[in-house]
Every structure is written in structure tokens, then in C-alpha cells.
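Keep the viewer open as you read.

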Amino acid sequence: MTGIRERVLQQIEAATEEIIALAADLVRIPTVNPPGEEYCAAAELIADHLRRGAMEVEFHRTARRLGGPPRPNVVGLLEGDSPGPCVHFNGHFDVVPPGAGWTVDPFGGKVDNGRLYGRGSADMKAGLAAAIFAVEAIRRAGVRRAGRLEVSGTMDEESGGHAGVAHLAEIGRIAADRTDHVVIPEPFGVERICLGHRGVYWFRVTASGVMAHGSMPFLGVNAIDRLQPFLEAIRTRLAPALRERVTSVPVVPEGSRYASINVNAIEGGQTGSATQTPCVPDRCSATFDRRFLSEESFDDVKLEVVELLASVEHGADALELEDLLVVHPTATRADAPLVRSFERAVCEIVGQPAQLVASPGTYDHKHVSGIAGVNSCIAYGPGELEQAHQADESCAVDDIVTSTRVMATAVLDLWEAAV
Ligand SMILES: [Zn+2]
């Protein structure tokens, strides 16, 4: 088997420039989400590379009317020489808007001082390029493939992945009966294997009041005032209680090992920059982002909010709770064969023990486990988590190649272990 690994690693060595060029070319396509620009160009570029790697290519898009630009997902398949576990690499090609503060062109794809710069360089076009070439190196090395390899490029991850990975899962393209392992090259770094993520509960609380002329506020009921005690209860009662709860799951950064709540938005009265007219506002709402731990159940998490609401003045009669989003915590077992194979590959290629981590925020893993029912899913990819969504986002070129080596080695290890 050693000979096989050497052959594959040699192919990666020889393809170094191609790998970086693909990552840079992907960065140069401004696939900004929202609204979802240039998705077709990115999907075509990926499809092109998959076809050149002798993969069968499929395009899948949701039939749901979403408005805005077209939203294609691309999937490449390379059949095995013999039946065996199917490994599916999935990377999202959408990026968040560049924002302010850049000193380089966010879509220039410039390589400088050993780093590839641009929006999406770390999150996660470098990872997608690495996954494509991990599979391609195995093919070029002429290795007997003991199972099918798949690579998908999907979009909309940054806005929830509903038309992306969720769609592939809904149509059975990623499914427990055909997909054994899923690897998502999110930027956790070359020595880290991410097993899953915490839970999310987004909710909105709306206070209702009675409108009146602002010069005679005693004739109305101010909805902003009505919401205030609840906001205060969140800040002084719930938030401190959550800071006491710590998970045993190795979430990084460590500050995210605690349960948390964030007031995400508040809206009441005459918002925006429009001219103000004197009114007592009759509505005020706030949106909250509660992150929960795998040790907490969603029912308890919600009950806690319901009870808090009932405990504040006018909570029962003037405040209304609305669920916006629930994502349950998910984690692949640390002793799963996929994790073991990546651990061994990291050890061999990076030369240090792999660090098993979990993510503070969610990513497409939720659809892989939640909709597709695939329990063997990890995130592994180049780049530092801290670079994601930042100005001057960049990714070390060496890490892109290293992660390609790790991915390819892990696949060979999985096949070996499955024999
Ligand atoms: Zn990402």
C-alpha cells in the first residue's frame, strides 16, 4: 500500500500549480451571496475540472422559485473499480460580500508571500480545489479504486444551504443508502478535524402596544417600553445562566464551549432614516440567536424562553414568541472510521496528532445528517477559521497542498480499512 500512497502523493506534488491555480480562479469569480452572483460561472469551472478528471457530471437545481440569479449545484462521480464505500466531498462555492477594509482586490486571486488572497480563499474555495485534486490525484496515479468518489460544488451555504446541500439531500443525491462518508472542506486548518456543531434557536419576540400621538403618550401604550423588561431579563438573568453551562464537546474557539444568546436585531417605531412623525409605537420586536449545547435539549431551551417571557411584566398579554429557525446539534462519533482515517492521514502528512474539534456555528453538516441521514460526516480543509468573512481573507498555499495530501491519504486509508 505504501507504493500506492507514494504514487498518489507524487501526483499531488506534480499538480501543485494546478491546485493553486484552480483555487485562485475560483476566487476570481465573485460568487457573492446574497444575492448569489456568478453561480453558473463557478459551477461551470468546477464541472470543467471534474470532467477533465474523467468524472461524470450532473447539475442539480431546486425547482422551488427562489427569485434572483440561477442556483446550480454540480456533482461529479467517479465510479470505483470495485464496490466499496462512497466518499463524497462537498464544498460550497458561494462567498459572503467582501465588505470594507480590503488592501487587496477581494476578487483578484493574488498569491503573495505564500498566501492566496481574496474573498472565499479560506472559506472555502481553497478547500474545494483541494478536494477536487485529492480525487484527481488518485485517478492520475492509476490506483484501483475500492469505492465511488464524488465531489460536489454547492451554493447558498452562507444563507442556510437550502437550495444547495439540502436540495441534494432532498432529491436523494446525498443519502444514507448511497453515500457512506461526507467530507466538507471548511477552513478548520490542516491539523483539525471538525466533528459537528452546536445547536441554534432563532426566535423573535414582539411586543404590541397602542398607537397614539407622541405629544400625548399617556393615551397610548409604548411597545418599545413593553419589550424592555424582557430584554433586561435576557441580559441579567438568562445570559449569565447560560455562561455557567459548558459543553464537553471540543468546540473551537474555547469561548464557544458555553451556551450563549445574542440579540441579533431590534425593530420598533419608525425605523430607518425616514422623517419622523410623532407616534407612540404600537409594535416592537427583537430577534434572538440562542446557541445551545449537545447537552441541552431543544425543548428545554425553548421552555426556558417561554418561562422567562411569562415572568416579566405584561409578558403573558403583550409579548408574543415566534420560532424562526431550529438547528439541532450534530456530531459524528470520534471513533467513526472516517474520523480514524483522517486522524491517521493528518498524523502521517502533517506530522502531528490531529485535533478533534467542533464548530461554534452550523454549516452544511446539518443537512447531511438531518436530511440525508448520513452519520459519517466531518469538516476538514485548509485555511484558518478566523480568516472566514474577514477583510483581506487569505489562505496559506502550503496548507492547500497539505490538505489535498491528507484528503487523498485518508481516502486510501478508508479503502484499506474497509477491505
Ligand atoms: Zn464556509
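## Two domains

Taken over C-alpha atoms, the centres of domain 1 and domain 2 sit 36 Å apart. This is a predicted model, so keep that in mind throughout. Domain 1 is made of two stretches, 2-197 and 329-418, while domain 2 covers 199-327.

Where the two meet, eight residues of domain 1 are in contact with 11 residues of domain 2. On the domain 1 side, strand S16 (residues 355-359) gives the most, with three residues. That side has six nonpolar residues, one polar and one charged.

## H11 and its partner H9

If you want to pick out the contact in the viewer, the H9 side includes Pro-337, Leu-338, Phe-342, Arg-344 and Ile-349, and the H11 side includes Thr-402, Arg-405, Val-406, Asp-413 and Leu-414. Sorted by class, this contact has 11 nonpolar, three polar and four charged residues.

How much of H4 is buried? 18 of its 20 residues are, so H4 is largely enclosed by the rest of the structure. After H4 comes Gly-142, with a positive phi near 70 degrees.

## H6 and H7

Another helix pair is H6 (residues 223-242) with H7 (residues 298-311), whose axes come within 10 Å and cross at roughly 125 degrees. H6 and H7 are therefore oblique, and their crossing is right-handed.

The contact takes Phe-230, Ala-233, Arg-237 and Leu-238 from H6, and Glu-304, Leu-308, Leu-309 and Ser-311 from H7. By class, that makes five nonpolar, one polar and two charged residues.

## Leu-26, a buried residue in H2

Leu-26 belongs to helix H2 (residues 16-28). Is Leu-26 buried or exposed? Burial takes 20 or more C-beta neighbours within 10 Å, and Leu-26 has 29 of them, so it counts as buried.

Leaving out neighbours within four places in sequence, Leu-26 is in contact with Ala-42, Leu-45, Phe-93, Gly-120, Lys-125, Leu-128 and Ala-129. Leu-26 and Arg-119 are 93 residues apart in sequence, yet their C-alpha atoms are 9.9 Å apart in space.

## Backbone details to check in the loops

The loop between H2 and helix H3 (39-52) holds Pro-34 and Pro-35. A cis peptide bond joins Asn-33 to Pro-34, with omega about -5 degrees. Another cis peptide bond links Pro-34 to Pro-35, with omega about 5 degrees. Glu-38 lies in that loop between H2 and H3 as well, and its phi is positive, near 55 degrees, although Glu-38 is not a glycine. With 19 C-beta neighbours inside 10 Å, Glu-38 counts as partly exposed.

Ala-54, in the loop between H3 and strand S1 (56-60), is another non-glycine residue with a positive phi, about 60 degrees. Ala-54 has 12 C-beta neighbours inside 10 Å, so it counts as exposed. Gly-160 sits in the loop between strand S6 (149-154) and helix H5 (165-170), and its 16 C-beta neighbours inside 10 Å make it partly exposed.

Technical notes:
Residues are numbered from 1 along each chain as its sequence is written. This is a predicted model: local features need pLDDT of at least 70, side-chain atom pairs count only at pLDDT 80 or more; totals for chains, interfaces and linings use all residues. Two residues are in contact if their C-beta atoms, placed from the backbone, lie within 7 Å. Helices (H or I, at least four residues) and strands (E, at least two) are DSSP runs, numbered from the N terminus. Ala, Val, Leu, Ile, Met, Phe, Trp, Tyr, Cys and Pro count as nonpolar, Asp, Glu, Lys and Arg as charged, and the others, Gly among them, as polar. Domain bounds come from an automatic or database domain assignment. Axes are lines fitted to C-alpha atoms, for helices over the stretch in contact, and angles run from 0 to 180 degrees between N-to-C directions. Angles under 35 degrees count as roughly parallel, over 145 as roughly antiparallel, 65 to 115 as roughly perpendicular and the rest as oblique. A crossing is left-handed if the near helix is turned anticlockwise from the far one by less than a right angle, and right-handed if clockwise.
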